[in-house]
Each structure stands twice: as C-alpha cells, then as structure tokens.
Amino acid sequence: MISFNVPIKDGKSVVIRRAKKGDEYGYADFSARCYCETRFLSRCTLDDMPSAEDLLGFIEEVEHSDKEVLLVAVCDNLIVGCGDITACLNKEKMKHKCDLNVSVLKDYWHMGIGKALVSSLVEFAGKAGYEQVNLNVASDNLRAIGLYEHLGFCATGREVHAMKHADGDYSDFIFMTKLLT
C-alpha cells in the first residue's frame with residue numbers, strides 16, 4: 001500500500017496515496033480545475049471533461065493492479081495532485097515500458113508534491129518490473145523539465161507543434177525517458 005505524507009507550507013502536509021473508490025468526484029473536480037489553470041496539459045476547457053463515472057472506471061481498473069497505479073495527493077480533503085503509471089500497450093514487445101503522467105494544482109506548485117509523485121511513480125514502475133518510464137512534457141514547462149532531468153529522465157525526442165493554444169502559440173512535446181535497468 002502506497003501512503004505517505006509530504007510536509008508543505010504553513011505546517012500542513014499532503015497525503016500521497018493510491019486512489020480508491022470514493023475519489024472519483026474529487027478527481028473529476030481536480031481534473032477540470034487543472035485544465036483551466038495551465039497551458040501545459042493536453043486538454044483545455046473546450047474539451048469534454050471526463051465524468052466522475054468515467055474516472056471511477058479508471059480508478060477501479062488500476063486500484064489493485066501490480067502494473068498500473070493512480071496516486072492522489074490530498075490536502076484538507078482536497079485532491080491537489082495526481083499521477084499515474086500506465087502500461088504503454090498490451091503487446092509483448094512493449095511490456096517493458098510504461099507511461100507516466102503527473103499534474104498538481106497551481107496553488108500547490110513548488111512545494112515538492114510533483115517531485116514526491118514522480119519519485120513514487122518511478123519506484124512503483126521499478127517494482128512492477130518495468131525497464132523504462134516515458135513521459136511527454138510541454139516544451140515551455142521549464143520547471144517540469146528541470147524536475148524530470150533532476151530525477152534522471154533524459155530528453156529522447158520532440159514532437160513539433162504538439163499543442164496549439166487559444167492565443168495561436170504552439171508548444172512542442174519533449175519526449176523523456178528514464179531507464180530503470
């Protein structure tokens with residue numbers, strides 16, 4: 001069972017734990033809020049948001065998995081961060097690698113929550129037997145890129161103009177990989 005505290009400002013702490021049934025509404029609210037707060041995520045307010053029922057399906061799918069996980073970071077009964085490890089493809093030649101996603105509400109940036117989530121997810125991936133962890137990050141998300149590099153990820157590719165923003169600007173995706181073996 002994954003569950004630990006991360007101290008943050010004002011003497012508070014964030015509990016990072018595996019998502020479970022009952023988190024779906026908080027997770028849906030978190031997701032909708034995250035998509036409004038930053039341009040770094042691949043969804044925006046114009047996209048259909050996943051419903052609590054859709055998210056419950058994902059939570060139940062991975063809740064007891066030894067190969068996939070969804071972690072939530074909770075502060076004052078509010079989900080303020082989340083991250084997941086998912087298998088890349090259900091194909092024999094792809095079973096050695098997984099994908100990592102992480103996001104944190106803007107009010108909780110720069111408090112160590114993202115670092116704790118990523119570190120925990122990488123540890124989970126290693127214990128699950130994966131040999132590499134992959135992620136995509138927006139090219140203008142310099143703090144996240146720095147964090148991933150600090151945690152041992154290396155840039156291995158780039159998708160030009162991966163996202164087009166409402167203001168007409170583009171962000172590339174930087175593809176990053178961490179080898180675990």
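Within the sheet, Gly83 stands opposite Val102, a residue of strand 5. Seven bridges join strand 4 (residues 78-87) to strand 5 (residues 97-104), and the two run antiparallel. Helices (H or I, at least four residues) and strands (E, at least two) are DSSP runs, numbered from the N terminus, and two strands pair if DSSP finds at least two bridges between them.

The model is predicted: local features need pLDDT of at least 70 and side-chain atom pairs count only at pLDDT 80 or more, while totals for chains, interfaces and linings use all residues. Residues are numbered from 1 along each chain as its sequence is written, and side-chain values use heavy atoms, with hydrogens and water left out.

**Overall fold**

The protein has four helices and eight strands, which run β-β-α-α-β-β-β-α-β-α-β-β from the N terminus on. Its radius of gyration is 16 Å, close to the 16 Å that the globule rule gives for 181 residues, so the protein is as compact as a globular protein of that length. The radius is taken over C-alpha atoms, and the rule is 2.2 Å times the number of residues to the power 0.38. The C-alpha trace spans about 40 × 40 × 35 Å along its principal axes.

Eight strands form an open sheet in the order 1-2-3-4-5-6-8-7, with mixed pairing. Strand 1 (3-7) and strand 7 (154-164) stand at the edges with a single partner strand each, so one side of each is left without a neighbour in the sheet. From one strand to the next, the twist averages 20 degrees; axes are lines fitted to C-alpha atoms, for helices over the stretch in contact, and angles run from 0 to 180 degrees between N-to-C directions.

| Strands | Bridges | Opposite residues |
| Strand 2 and strand 3 | Four | Ile16 and Ala73 |
| Strand 4 and strand 5 | Seven | Gly83 and Val102 |

Strand 1 and strand 2 form a hairpin with five residues between them, and Asp10 in the turn has a positive phi of about 60 degrees.

**The largest pocket**

The largest pocket holds about 1300 Å³ of space. On a 1 Å grid over the protein atoms alone, a pocket is an open set of points where a 1.4 Å probe fits, with protein on both sides within 12 Å along at least five of seven lines; lining residues have an atom within 4 Å of a point. Grid points are joined across faces, edges and corners, and a volume is the space filled by probe spheres set on the points.

The lining comprises 45 residues, of which Leu41, Asn101, Val102, Ser103 and Tyr148 lie nearest the centre of the pocket. Strand 5 gives the most to this lining, with six residues.
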